[in-house]
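This briefing concerns the packing of helices in one model. Two packed helices are described by the angle between their axes and the distance between the axes.

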Amino acid sequence: MPGLHLTDTLNLISRITPRRAWNALKVYASFQLSRMTGRPIQWGLPISISFEPTTSCNLRCPECPSGLRAFTRPTGMLEPSFFRRTIDEIHRDLIYLIFYFQGEPYLNPAFLDMVSYASSKGIYTATSTNAHYLTAENARRTVESGLDRLIISIDGTTQEVYQQYRVGGKLEKVIAGAREIVRCKREMKSSTPFVIFQFLVVRPNEHQIEEVERLGREIGVDAVWYKTAQIYDYEEDPNGLVTTIDKYSRYKTGKDGKRMPKNKLANHCWKLWHANVITWDGIAVPCCFDKDATHRLGDLKGASFRQIWHDKDYRDFRSKLMQGRKNIDICSNCSEGTKVWG
């Protein structure tokens with residue numbers, strides 16, 4: 001099946017305890033019941049959570065609020081004590097933890113310590129990086145931390161093409177970092193992290209799809225994934241990023257000649273039932289599309305996760321989504337399910 005790799009999949013499955021399986025069943029059943037009844041019903045706690053290590057980033061990617069320094073919310077670093085306290089509350093039900101939302105995770109000095117803590121609780125851990133800080137020391141510490149999945153963003157196979165999206169980035173650093181993590185895995189005889197080259201397909205790099213496959217094989221990464229790009233102003237596309245390859249585009253051209261998202265916006269969303277995103281400063285937001293945390297569903301510095309997950313603000317947001325997804329700004333340009341796996 002595309003996107004599934006045996007070693008990585010078995011590693012993920014190994015994290016499922018009877019309690020976690022029961023929680024997942026409750027979450028899935030409540031989602032299906034919500035779809036059938038047309039009203040939000042929420043049982044259990046999230047199966048997956050994203051924690052934001054930092055909003056800081058060393059690059060200036062044109063479709064990223066962090067890269068553009070366009071946030072209205074503050075920039076900062078996730079505090080280990082707050083992270084541990086939240087994990088202590090929810091780890092028995094949680095299967096999957098993503099150390100990423102906005103920013104570059106390795107800029108947080110405590111990032112790998114927090115990965116180690118989550119790993120010690122039997123949680124499957126993943127992160128996404130631009131790989132500019134995968135030094136020999138960080139690569140070794142990454143393997144030692146128990147990180148299960150490492151996604152390396154590599155959006156070009158030449159510096160000229162790479163820098164058109166990864167503004168300010170150095171491809172040679174990305175390749176060197178990838179080589180370091182592969183080398184450390186081999187030296188330490190570790191099957192983790194599962195290393196992925198993620199190629200964001202945009203018009204400037206669409207001609208290098210086959211080349212990144214060859215580069216991935218040469219370096220020895222475990223997989224190459226192709227990701228479709230979310231473009232904020234997809235109608236005008238001022239940066240010329242919408243790809244001409246239909247398979248890798250989130251958008252299509254309508255009969256009126258205007259560009260529009262491909263996917264139909266059904267008035268339900270699995271993410272609102274099984275997943276959650278927590279900003280570096282403890283704000284719970286619906287999903288990764290709320291990059292500036294405009295839909296604040298709770299503050300974990302003043303309430304428990306369980307309280308927030310079942311509280312009125314969350315219930316109201318799920319209800320609003322089921323009444324009309326197009327009326328919610330972050331949902332109107334949503335492309336849930338449009339990642340193209342390698």
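In this predicted model, helices α4 and α5 are roughly parallel to each other, because their angle of about 15 degrees falls under the limit of 35 degrees. A second pair, α6 and α8, packs at an angle of about 50 degrees, which makes α6 oblique to α8.

**Helices α4 and α5**

- Helix α4 covers residues 80-90 and helix α5 covers residues 111-120, and their axes lie 10 Å apart.
- The crossing in which α4 passes α5 is right-handed.
- On the α4 side, the contact involves Pro80, Phe83, Arg84, Ile87 and Asp88; on the α5 side, Met114, Tyr117 and Ala118 take part.
- Classified by residue type, this contact of α4 with α5 comprises six nonpolar and two charged residues, with no polar ones.

**Helices α6 and α8**

- Helix α6 spans residues 136-145 and helix α8 spans residues 171-187, with 9 Å between their axes.
- Helices α6 and α8 cross in a right-handed sense.
- Helix α6 contributes Ala136, Ala139, Arg140, Thr142 and Val143 to the contact, and helix α8 contributes Glu180, Ile181, Arg183, Cys184 and Lys185.
- The contact of α6 with α8 contains five nonpolar residues, one polar residue and four charged residues.

Key:
Residues numbered from 1 in each chain as written. Predicted model: local features only at pLDDT ≥ 70, side-chain atom pairs only at ≥ 80, totals over all residues. Heavy atoms only, no water. Axes fitted to C-alpha atoms, helices over the stretch in contact; angles between N-to-C directions. Helix = DSSP H or I, 4+ residues; strand = E, 2+ residues; numbered from the N terminus. Parallel < 35°, antiparallel > 145°, perpendicular 65-115°, else oblique. Left-handed = near helix turned anticlockwise from the far one by under 90°. Contact = heavy atoms within 4.5 Å. Nonpolar A, V, L, I, M, F, W, Y, C, P; charged D, E, K, R; others polar.
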